[in-house]
Amino acid sequence: MVTQTPDTLSIQAIQSAIRDIPDYPKPGILFKDITTVLRDPKLFKDVIDFFRILNEDKAIDYVVGIESRGFILGAPLAYALNAGFVPIRKKGKLPAQVERHDYELEYGTDTVEIHTDAIPAGARVLLVDDLLATGGTAEAAITLLQKTGANVVGVQLLIELAFLDGRKKLAGVPAINALITYS
Ligand code: AMP
């Protein structure tokens, strides 16, 4: 059971600390810079505490972080949930045998990889990333996790750009949580 809900005032403080960088990495993109949250000890702790509260009823075996901001948020969450941490990385970064999934970007394709033996079939997995935009990255990560036989029971995000409708791509995942939503 979830015994506490995230405190509205703290969420507002986290939201206020997120820095908007216009036209980064290319014209027309409003980049949500979370380094200004991470560098603040209280806000960083609040984010991880909220993530824990929102997911501690899910009996998570593994928190899976998407490179690279998903590592920063996913690793402390795994510790807080007494779960293991498993990275999903870009092509060619993992040393042992991998499962691979290629997916379409606006221009070209990208590849995500996970160690083949990282997650036992049926294990309960929580996927973590900093931000959901079009949903392409999270969708690719979920497809990859399904190849390992993992049971993806939730996706935890710090930020959701709801106007991009990324959630639609994640149909089938029971719990998709974002601490901060821009509609
Ligand atoms: P998408 O695949 O479109 O959902 O994009 C999500 C991924 O791209 C996440 O790993 C984010 O870190 C990054 N991303 C996309 N849009 C932004 C944005 N406006 N600000 C910061 N990061 C973003």
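Predicted model: local features only at pLDDT ≥ 70, side-chain atom pairs only at ≥ 80, totals over all residues.
Asp-23 is found in the loop between β1 and β2, where strands (E, at least two residues) and helices (H or I, at least four) are DSSP runs numbered from the N terminus. Asp-23 isn't a glycine, yet its phi is positive, about 60 degrees. At 49% relative accessibility it counts as partly exposed, a label that sits between buried (under 20%) and exposed (over 50%), using a 1.4 Å probe and protein chains only.

Residues are numbered from 1 along each chain as its sequence is written, and side-chain values use heavy atoms, leaving out hydrogens and water.

Now for the ligand. It has 14 residues around it, with Asp-129 and Asp-130 among the closest; a residue counts as near if one of its heavy atoms lies within 4 Å. A ligand oxygen is 2.7 Å from a side-chain N or O atom of Asp-130, and a ligand oxygen is 2.8 Å from one in Asp-129; polar contacts are pairs of N or O atoms within 3.5 Å. Taken alone, the ligand exposes 490 Å², and the protein buries 81% of that (Shrake-Rupley method, 1.4 Å probe). β7 gives the largest share of the shell, four residues.

Key:
Polar contact = N/O pair within 3.5 Å; in protein donor to acceptor, adjacent residues only side chain to side chain.
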